[in-house]
Amino acid sequence: VFQGRILARRLVGQETRYEVEVKTPYQHRFPLVSREYVWVPNTCGCPPLREGGEYLLMARRHVNYERTLNRILLRDDGYARPWTPREERLVREAARHC
């Protein structure tokens with residue numbers, strides 16, 4: 001789970017790649033750097049992430065079977081909400097209990 005700002009969006013094949021500035025990592029099982037690519041396995045614009053917008057994102061690390069692909073994937077069961085100070089407060093409170 002991290003707060004990020006969408007810098008760019010690009011369609012690559014049947015997927016969408018977002019360049020994201022990682023602002024605040026909250027809980028993560030893999031290291032995050034200040035800029036990451038977040039992949040969405042569709043091109044329909046779901047979830048609707050706009051360039052310049054800040055979001056609270058819950059994504060997973062995806063490593064393929066051959067271990068040649070390692071990326072951050074925002075799947076259908078992921079989480080993407082516009083960031084608000086309320087969201088930050090809720091995430092910080094939840095982090096204390098998890």
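Okay, disulfides to start with: how many does this predicted model have? The count comes to zero. As for the cysteines themselves, cysteine 44 has a relative accessibility of 53%, and because the cut-off for exposed is over 50%, that one counts as exposed. Cysteine 46 comes out at 41%, so that one goes down as partly exposed.

The peptide bond between cysteine 46 and proline 47 is cis, with omega at about 0 degrees. In general, most peptide bonds are trans. And where does proline 47 sit? You'll find proline 47 in the loop that runs between strand 3 and strand 4, and strand 4 covers 54–58.

Before I go further, a word on confidence. Mean pLDDT for the protein is 86, with 96% of the residues at 70 or more. Which element does best, and which does worst? Strand 1, residues 2–12, is the highest with a mean of 94, while helix 1, residues 85–97, is the lowest at 77.

Let's walk through who pairs with whom. Strand 1 and strand 2 run antiparallel and are joined by ten bridges. One of the facing pairs there is alanine 8, which stands opposite glutamate 19 of strand 2. These two strands make a hairpin with two residues between them, and in that turn glycine 13 has a positive phi, about 60 degrees. For context, most residues other than glycine have a negative phi.

Moving along, strand 2, residues 15–25, also pairs with strand 3, antiparallel again, over six bridges. If you want to click on some pairs, valine 20 is across from glutamate 36 in strand 3, and tyrosine 18 is across from valine 38 in strand 3.

Now, which sense does the pairing of strand 3 and strand 6 take, parallel or antiparallel? Strand 3, residues 35–40, and strand 6, residues 70–73, go parallel, and they do it over two bridges. Tryptophan 39 is the residue to look at here, standing opposite leucine 73 in strand 6. Strand 6 pairs with strand 5 too, and strand 5 is residues 60–63; that pairing is antiparallel, with four bridges. In that pairing, arginine 61 has isoleucine 72 of strand 6 as its bridge partner.

Phenylalanine 2 is in strand 1. Its relative accessible area is 3%, and the cut-off for buried is under 20%, so phenylalanine 2 is buried. In sequence, phenylalanine 2 and glutamate 88 are 86 residues apart, yet their C-alphas are 9.7 Å apart in space.

Isoleucine 6, also in strand 1, counts as buried because its relative accessibility is 1%. The C-alpha of isoleucine 6 is 6.4 Å from that of glutamate 54, and those two are 48 residues apart along the chain.

Then there's a charged one.

Rolling a water-sized probe over the atoms shows where empty space is left. How much space lies in the largest pocket? About 420 Å³. Its lining is made of 14 residues, and the ones nearest the centre are Arg29, Phe30, Met58, Ala59 and Arg60.

Note on methods: Residues are numbered from 1 along each chain as its sequence is written. This is a predicted model: local features need pLDDT of at least 70, side-chain atom pairs count only at pLDDT 80 or more; totals for chains, interfaces and linings use all residues. Side-chain values use heavy atoms; hydrogens and water are left out. A disulfide is a pair of cysteine sulfur atoms within 2.5 Å. Buried means under 20% relative accessible area, exposed over 50%, partly exposed in between (1.4 Å probe, protein chains only). On a 1 Å grid over the protein atoms alone, a cavity is a set of points where a 1.4 Å probe fits but cannot get out, and a pocket is an open set with protein on both sides within 12 Å along at least five of seven lines; lining residues have an atom within 4 Å of a point. Grid points are joined across faces, edges and corners, and a volume is the space filled by probe spheres set on the points. pLDDT is the predictor's confidence in each residue, from 0 to 100. Two strands pair if DSSP finds at least two bridges between them.
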